[in-house]
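Give the cut-offs behind each term.

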Amino acid sequence: MLENVFSPVRIGTVEIPNRLVVPAMVMNYCNADGTATERYIACHEAKARGGWGLIITEDYAVAPEGRGFPNIPGLWDDGQIEGHAELTRRIHDAGGTIFAQIYHAGRQATSLVIGSQPVAPSPIPCPLIGETPRELTIPEIREIVKKFGDCALRAQQAGFDGIEVHGAHGYLIAQFMSLHANKRSDGYGGSLINRLRFPLEVLADIRSKAGSGFPVIFRISGDELVPGGRTIEETAAIARVLEHNGVDAVHVSAGTYGSGYAIAPPAAVAHGWITGYAQAVKQVAGVPIVTVGRITDPLLAEAVIAGGKADLVAMGRASLADPDLPKKAAAGRFEDINRCIGCMQGCMGMISLYQPATCLVNPALGLEEELRIRPAETKKRVFIAGAGPAGMEAAMVAAKRGHEVSLFEREDRLGGQYSLAAVPPAKGEITAFISWLGKQLADSGVSIHLETELTEEIVSREKPDAVVIATGSAPAPLGVPGSERAVTAHDVLAGKVAVGRRVAVIGGGMIGAETAHHLARHGREVTIVEMLPAVAQDAQEYVRLFLLEGLAERGVAMQVNATVIAVTEEGITIERGGEREEIGPFDTVVTAVGLKPCNGLRSKLERKAARLLTVGDAAGVRKALEAVAEGYRAGLEI
């Protein structure tokens, strides 16, 4: 079924063994001086061993003032070559092919990171960053051109098989090409050919220093998706010029920081949503075309290539979720692929804070050696209470280490409350993670006891060597007069209660907002009542963007800065600005005012279990990202 995916393809002088590409993704794993760390190398090495045809590393800055993040790699100095040569050596030893992406962030750098005012073609702020950049002089432009060539030469000396010039996502090269950012009226602005002068000079300098045989991919946004930005028609024209000037492949992405959701789209965005951009470029260019954009399944990658839309498929966050995806796909082990669920919590959620990237479904990301699953020295009997994501993760890891594991769940299915998180619109992919965990448990020999709550009596009788408390959390009470009239968001999402036409959701955090979206999509008239000034503030930025759009599209009303005083037969009494008012009437009132840990079993077992660990919400309410990681580590600790 994957005959196209697993056929070779040439990019310039280099043969790529298959069509699956790891695109450049900021991970924040390097040292602040741009040198490589073991963490950075090991992360890419895992992907090479996993069978990816081509690995493209993130954002090698051509100058320290061109960095957009504090801990990205750099090749602006000869002293950085040695560490990155160790990276390429280990990738090659693992059978991989590796290109270095080189870039300058331009106006999408910040003074916080680079310690000075960012530069750009024109003094126009990035819509997201907000800092006004300094306009580059022509001598400065020519100096940056040389730095791109020098960086490419260092990449060649470090053993990279080729480079990718980053002309996408609103960085400096993209800024010169786009009327959205470039307002110059000299030889570097205005007409299309003038706006191409900078990237073409960069390519010429690279060729003069690294030679014609060193492969060069050019990454470009097919559509910048911002007012006045470049569209696919102009991008297709640019691709022909790039090919004429020696580019060996074109990697078609989308967006700028002003449309950041397009660079790293959340689960609300369709799979393969911009393959049409790649197809438009492929129709006019004769070099290999790489596509990208929420492609998380090798079967989808095969269809894209077979359909003639692109020659290679980049699967970035899919490679974070499962570095072994290609090997599993080649062996037909599709059910064993741990798929990205588009949650954004560990990747964009962390790097936007300038923290190292993590992954909800793959807690070992970036810690491959430290968190490697190794056989336990002594086989133990392990009981786990609760089959939510933390409990399932702990059970899986403990079983893979050789322990005899029994998992107890009082409900009739696996997944715990995380199964309910899959109910709202655009959240269905969560079930893929739960399903994957279930298969790993079965394959690892975990004894699963559904509709069976682990009790003090069972532990006293069976005397396991270790117990993991992963009993999760429960909805917090509203605690106002009349709250007995309300139902919980959990029961609504589980389909346990009937909901009327007019609904109030008390609590506008992510749970409340997503429950409101779910109800509105099913024909209810919904009002969110939230004590803070805005709703869904606990959601990742791009997730929140689409959630708010969905709420607005369905006409969900917002009562913000509103404290609920009482639930009445007629509606809800709120207080806002020191004034009380009645809102309603409502047929159903739904509460989503937070969670409280369910950990009563812990105190009962403190003196009865030889080893007792508490993970996830049972230890303290948190996001699934932290809960899964705690479960994984608990499995390693036993």
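The buried residues of helix α22 are Ala624, Leu625, Ala627, Val628, Gly631, Tyr632, Ala634, Gly635 and Leu636. Buried means under 20% relative accessible area, exposed over 50%, and partly exposed in between, with a 1.4 Å probe and protein chains only. Among the elements that cover these residues are α14 (389–400), α15 (418–421), α16 (430–443) and β27 (612–614). Helix α22 covers residues 624–637; at 1.5 Å a residue its 14 residues should span 20 Å, and the end C-alpha atoms are 20 Å apart, which agrees. The expected span of a helix is 1.5 Å times one less than its number of residues.

The model is predicted: local features need pLDDT of at least 70 and side-chain atom pairs count only at pLDDT 80 or more, while totals for chains, interfaces and linings use all residues. Residues are numbered from 1 along each chain as its sequence is written, and side-chain values use heavy atoms, with hydrogens and water left out. Helices (H or I, at least four residues) and strands (E, at least two) are DSSP runs, numbered from the N terminus.

Five strands form an open sheet with parallel pairing, in the order β18-β25-β19-β20-β21. Each of the edge strands, β18 (487–488) and β21 (557–559), has a single partner strand, so one side of each is left without a neighbour in the sheet. Two strands pair if DSSP finds at least two bridges between them. Four parallel bridges join β19 (residues 502–506) to β25 (residues 588–591), and valine 503 stands opposite threonine 588 in β25. Helix α19 (residues 510–521) lies across β19, β20 (525–529) and β25, and runs at about 170° to β20. Such angles run from 0 to 180 degrees between N-to-C directions, with axes as lines fitted to C-alpha atoms, for helices over the stretch in contact. Contact means heavy atoms within 4.5 Å.

The structure holds 38 salt bridges, a salt bridge being a side-chain nitrogen of Lys or Arg within 4 Å of a carboxyl oxygen of Asp or Glu.

| Residue | Partner | Closest N and O atoms |
|---|---|---|
| Arginine 333 | Aspartate 336 | 3.2 Å |
| Glutamate 514 | Lysine 427 | 3.0 Å |
| Glutamate 630 | Arginine 622 | 2.2 Å |

Glutamate 514 lies in helix α19 and lysine 427 in the loop between α15 and α16, so the pair ties together parts that are 87 residues apart in sequence. Both glutamate 514 and lysine 427 are buried. Arginine 333 is partly exposed at 40% relative accessible area, whereas aspartate 336 is buried at 10%. Glutamate 630 is partly exposed at 24%, and arginine 622 is partly exposed at 27%. A network of salt bridges links Glu38, Glu45, Arg49, Glu86, Arg89, Arg90 and Asp93.

Glutamate 451 is in the loop between β15 (447–450) and α17 (456–462) and is exposed, with a relative accessible area of 62%. Leaving aside neighbours within four places in sequence, glutamate 451 is in contact with Glu409, Arg410, Glu411 and Asp412.

A search of the whole structure finds zero disulfides, a disulfide being a pair of cysteine sulfur atoms within 2.5 Å. For cysteine 347, the closest cysteine sulfur is that of cysteine 343 at 6.2 Å, too far for a bond. For cysteine 359, the closest is again in cysteine 343, at 6.7 Å, too far for a bond. Cysteine 347 is buried at 15% relative accessibility, and cysteine 359 is buried at 13%.
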